[in-house]
Amino acid sequence: MPPTHATERFTYRLDAIAHRAIASNDDLFVRETGLTILEVRLLRMIGDDPGTSFVEISQRIAVERTKISRMLQKLLSLELIHRENAREDARKFRLFVTERGQMVRARSDVLSDRLEALLLAPLPTEEVAILNASLARVLDWVSSSEYASRIAEVAGIPSPDPGQKDAAGGGAP
């Protein structure tokens with residue numbers, strides 16, 4: 001049976017959990033690391049993908065480009081990351097975590113682990129594993145081109161025929 005109340009919707013619950021957890025924990029992250037949760041996420045993204053660029057980050061994180069830029073400037077000014085000109089194009093920069101940034105990340109990882117355990121405390125260990133696996137599958141699905149096509153179907157928008165010309169007059173090769 002479909003949900004009858006807005007708060008019974010899956011996306012509402014995901015959004016509410018994320019917002020409430022971040023709001024409850026953000027001040028603690030600032031106190032312990034000097035960074036907000038979003039800034040820590042950015043530091044982690046750079047650490048997990050050394051040499052990533054601003055463009056690559058902006059494609060992966062659901063944050064406005066101006067906010068990403070401000071956060072990067074903060075991480076740079078705190079010497080948690082550094083940037084180098086890209087070999088293939090000197091106008092572009094590649095981002096790397098510094099030793100100091102690695103230490104801040106390590107502190108934030110310990111804090112994140114403790115807070116995540118608290119967040120998931122109502123669930124038995126087996127359910128946490130199932131929830132994590134399920135959420136990973138849903139994230140992969142909503143990130144896929146097939147999902148994007150299916151949204152168009154649900155909305156009643158016909159998917160373009162691969163051989164059909166687009167509005168600009170170009171067609172498939």
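Predicted model: local features only at pLDDT ≥ 70, side-chain atom pairs only at ≥ 80, totals over all residues.

Biologist: Where is glutamate 79 found?

Modeller: Glutamate 79 sits in the loop between H4 and strand E1, the latter covering 81-85.

Biologist: What is the phi of glutamate 79?

Modeller: Glutamate 79 has a positive phi of about 60°, although this residue is not a glycine.

Biologist: Which residue touches Glu79 from elsewhere in the sequence?

Modeller: Threonine 98 does; leaving out residues up to four places away in sequence, threonine 98 touches Glu79, Leu80, Ile81 and His82. Threonine 98 has its place in the loop between E2 and H5.

Biologist: Is threonine 98 buried or exposed?

Modeller: Threonine 98 counts as buried because its relative accessibility is 16%, and the cut-off for buried is under 20%.

Biologist: You mentioned Ile81. What is isoleucine 81 in contact with?

Modeller: Neighbours within four places in sequence aside, isoleucine 81 is in contact with Leu43, Ile46, Leu72, Leu75, Leu76, Leu95, Phe96, Val97 and Thr98. Isoleucine 81 also belongs to the largest nonpolar core, where Leu43, Ile46, Ile57 and Ile81 are the residues with the most contacts inside that core.

Biologist: How many residues does the largest nonpolar core have?

Modeller: The largest nonpolar core has 23 residues. Two or more of its residues come from each of helix H2 (37-48), helix H4 (65-77), strand E2 (93-97) and helix H5 (99-119).

Biologist: Which element gives the most to this core?

Modeller: H2 gives the most, with six residues. As a general remark, nonpolar side chains in soluble globular proteins tend to be buried together.

Biologist: Let us step back to the whole chain. How many helices and strands are there?

Modeller: The protein chain has seven helices and two strands. Read from the N terminus, the order of the elements is α-α-α-α-β-β-α-α-α.

Biologist: And what share of the residues is buried?

Modeller: Of the 173 residues in the protein chain, 25% are buried. The chain exposes about 12,600 Å², and carbon and sulfur atoms supply 56% of that area. Among contacts with a separation of 6 or more, 45% are between residues 24 or more positions apart.

Biologist: Now the charges, please. How many salt bridges does a search of the whole structure find?

Modeller: The search finds nine salt bridges. In general, side chains of opposite charge can pair when their charged atoms come close.

Biologist: Which residue forms a salt bridge with glutamate 39?

Modeller: Lysine 74 does, and the closest N and O atoms of the pair are 3.0 Å apart. This pair links distant parts of the chain, since glutamate 39 is in helix H2 and lysine 74 is in helix H4, 35 residues apart.

Biologist: Is glutamate 39 buried or exposed?

Modeller: Glutamate 39 is buried, with a relative accessible area of 9%, whereas lysine 74 is partly exposed at 30%.

Biologist: What other pairs can you describe?

Modeller: Glutamate 88 forms a salt bridge with arginine 94, with the closest N and O atoms 2.6 Å apart. Glutamate 88 counts as exposed, at 55% relative accessibility. Another pair is arginine 31 with glutamate 32, with a closest N to O distance of 3.2 Å. Arginine 31 counts as exposed at 62% relative accessibility, and glutamate 32 is partly exposed at 40%.

Biologist: Which residues are linked in a network of salt bridges?

Modeller: Arg44, Asp48, Arg105 and Asp109 are linked in such a network.

Biologist: One last topic, helix packing. At what angle do H1 and H5 pack?

Modeller: Helix H1, residues 10-33, and H5 pack at an angle of about 145°, and their axes are 11 Å apart. The crossing of these two helices is right-handed.

Biologist: Which residues make the contact?

Modeller: H1 contributes Ile17, Ala21, Asn25, Leu28, Phe29, Glu32 and Thr33, while H5 contributes Val104, Arg107, Ser108, Leu111, Ser112, Leu115 and Leu119.

Biologist: Take serine 112, then. Is serine 112 buried or exposed?

Modeller: Serine 112 counts as buried, at 17% relative accessibility. Apart from neighbours within four places in sequence, serine 112 is in contact with Phe29 and Arg44.

Technical notes:
Residues numbered from 1 in each chain as written. Heavy atoms only, no water. Core = buried A, V, L, I, M, F, W, Y, C linked by side-chain atoms within 4.5 Å. Buried < 20%, exposed > 50% of the residue type's maximum accessible area, 1.4 Å probe, protein only. Helix = DSSP H or I, 4+ residues; strand = E, 2+ residues; numbered from the N terminus. Contact = heavy atoms within 4.5 Å. Areas by Shrake-Rupley, 256 points an atom, 1.4 Å probe, with all protein chains shown as cover. Salt bridge = Lys/Arg side-chain N within 4 Å of Asp/Glu carboxyl O. Axes fitted to C-alpha atoms, helices over the stretch in contact; angles between N-to-C directions. Left-handed = near helix turned anticlockwise from the far one by under 90°.
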